[in-house]
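Please look over the sequence and the model shown here. A short report on the fold and its details comes after them.

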Amino acid sequence: MPEKFVFTSNPIEQLEKEYDVVIIGSGSTGLTCAIQAYELGLKPVILEKMDKIGGNTNRASSGMNAAETEVQLANGVVDSFADFYKETYQGGGKLNNQEMLEYFATHTALAVEWLSSHEIELTDLTVTGGMSKKRAHRPASTAPVGAYLIKGLLRIIQKASIPLFTQVKVEHLKKQPSGTQVAISIGEGVQKTIVGRSIVIATGGFGAGSEWIKKYRPELLNYKTTNHSGATGDGLLMAQEIGAELIQMEMIQIHPTVQQDTPHAYLIGETVRGEGAILVSNEGKRFVDELNTRKVVSRAITSLPEKSAYLIFDEKVRNRVKAIEFYNHIGLVESAATVAELAEVLKIDKQNLTSTLAEWNKAVTTKSDTEFGRKTGMNNKLDAGPFYAIHVAPAVHYTMGGIHVDERTRVLDGNGYVIPGIFAAGEVAGGLHGNNRIGGNSIAETVVFGRQAAQQAFVYLKK
């Protein structure tokens, strides 16, 4: 059996006084950026405030969207950048930064290829809400993409000896002629200052930042969140400190399928629906196209009297989504041998649920969902017992707004001017997604714009 990979962050004594690129945040964006910077001959460092590496990337489960890839062709999927752009633009309410979106849509295939060149293979496909084709690339094992990606990137970080420090919180940024001063706190009140010739802010969003949510979307304060506890918007404050503008801050995404009957809210990945699951109300009836955009599905669930729903799926879906094993292990999944018995377990109308699945299976057979117009995730009927259900309701998931950047990840001030040497990428940057992020686009964003930030830092430093 191969030895289990364990990554150890650097001891704080190894922190140097100056780096070419100071990367703040150790999610997929930060790790990708550091690797690309290193490959360009720069001297990067990664600073992470938490004791755990990976941020919200660790919780990503569905896949990494990309168009015109070799993986798609190998699976008989003929796609186009134009369609990917159009569907993401439509899904975002046509409020996306079009230059960022153009760069994104045309560089996702290169990002998949770059990962593959580093032995991080995403060779299986699924579909997410708002997409007409299978664009979500994931591991062949169908394991959740986020943890798989973080592990693969950390292997490269370790092999290249790129310094990564945990429990180092960046408190302030201060521009200087020779670079940017980075004031940090380490452990119990220890303060220190280092210099970054360039800075990449990759701190993630503010989905767990109650003060930001209270300011921009107070009606969401009572919603649970799928975010890890460190997603508090620190990067926004440090960017503002050096004159950056924040944009679209009110655009906060609610994810429709979150199991929250326990103190911890567990996101049930879109892959479950992408592989064929349906949503039913407490009456045992479908009420929406389950693979519409997240904002549409969330609105449909909150419009129900009970403001929650059940994901219904069978053994075939379970076999196609490895994350379900985890959901089941921690007690989130109800099961029964037959549909009628499942209805009894859920205390919903037996005849309705049986009829709903019969109608759905007929729609799958005819490839025509006349009731709600669903067109994707219809490859297999739900007819292989046991049958399963997960109780879900919407929760705060993603923040589309953030630091104002251009398609080169350069941070902009309130007048639209570039702040030299400061870059931002990933969820902390606003503009790419409009008013709704498409599932699978966040992981793609981390790799596409993590690489872009490193490349643009390289260009800046060479000037």
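## Ground rules

This is a predicted model: local features need pLDDT of at least 70, side-chain atom pairs count only at pLDDT 80 or more, and totals for chains, interfaces and linings use all residues. Residues are numbered from 1 along each chain as its sequence is written, and side-chain values use heavy atoms, with hydrogens and water left out.

## Overall fold

The protein has 14 helices and 20 strands. Both are DSSP runs, numbered from the N terminus: helices are H or I with at least four residues, strands are E with at least two. The radius of gyration is 22 Å, close to the 23 Å that the globule rule gives for 463 residues, so the protein is as compact as a globular protein of that length. That radius is taken over C-alpha atoms, and the globule rule is 2.2 Å times the number of residues to the power 0.38. Along the principal axes, the C-alpha atoms fill a box of roughly 70 × 45 × 45 Å.

Of the 463 residues, 59% are buried. Buried means under 20% relative accessible area, exposed means over 50%, and partly exposed lies in between (1.4 Å probe, protein chains only). The accessible surface comes to about 18,900 Å², and 50% of it belongs to carbon and sulfur atoms. Such areas come from the Shrake-Rupley method with a 1.4 Å probe; for residues, only the protein chains shown count as cover. Among contacts with a separation of 6 or more, 74% link residues 24 or more positions apart. Contact means heavy atoms within 4.5 Å.

## Strands

Strands of a sheet pair through backbone hydrogen bonds, either parallel or antiparallel. Here two strands count as paired if DSSP finds at least two bridges between them.

Strand 3 is joined to strand 5 (residues 136-138) by two bridges. Asn 65 has Ala 136 as its bridge partner in strand 5.

Strand 11 (residues 252-259) is mostly covered, with eight of its eight residues buried. Five bridges pair strand 11 with strand 16 (residues 387-399) in the antiparallel sense. Ile 252 stands opposite Thr 399 there. Strand 11 also runs antiparallel to strand 12 (residues 266-267), joined by two bridges. Gln 259 faces Tyr 266 in that pairing. Strands 11 and 12 form a hairpin, with six residues between them.

## Aromatic contacts

How many aromatic pairs does a search of the whole structure find? The count is ten. Rings of Phe, Tyr and Trp (its six-membered ring) pair if their centres lie within 6.5 Å; planes under 30 degrees apart are stacked, over 60 edge-to-face, and the rest tilted.

Phe 104 and Phe 449 are stacked, at 6.5 Å centre to centre and 5° between the planes. Phe 104 lies in helix 4 (residues 98-117) and Phe 449 in helix 14 (residues 441-462), so this pair ties together parts 345 residues apart in sequence. Both residues are buried. Phe 104 and Phe 449 also form one aromatic cluster with Phe 84 and Tyr 103.

Phe 423 and Tyr 460 have ring centres 6.4 Å apart and planes at 70°, so the pair is edge-to-face. Phe 423 sits in strand 19 (residues 418-424) and Tyr 460 in helix 14, so the pair ties together parts 37 residues apart in sequence. Phe 423 is buried at 3% relative accessibility, whereas Tyr 460 is partly exposed at 30%.

The table lists charges over rings, where NZ of Lys or CZ of Arg is within 6 Å of the ring centre and within 35 degrees of the ring normal.

| Charged residue | Ring | Distance from ring centre |
|---|---|---|
| Lys 43 | Tyr 19 | 5.3 Å |
| Arg 437 | Tyr 398 | 4.2 Å |

## Backbone details

Most residues other than glycine have a negative phi, and most peptide bonds are trans. Gly 385 and Pro 386 are joined by a cis peptide bond, with omega about 0°. Pro 386 is in the loop between helix 13 (350-366) and strand 16.

Glu 68, not a glycine, has a positive phi of about 60°. Its loop runs between strand 3 and helix 2 (70-74). Glu 68 is partly exposed at 40% relative accessibility. Thr 409 has a positive phi near 70°. Thr 409 is found in the loop between strand 17 (402-404) and strand 18 (410-412), and is buried at 2% relative accessibility.
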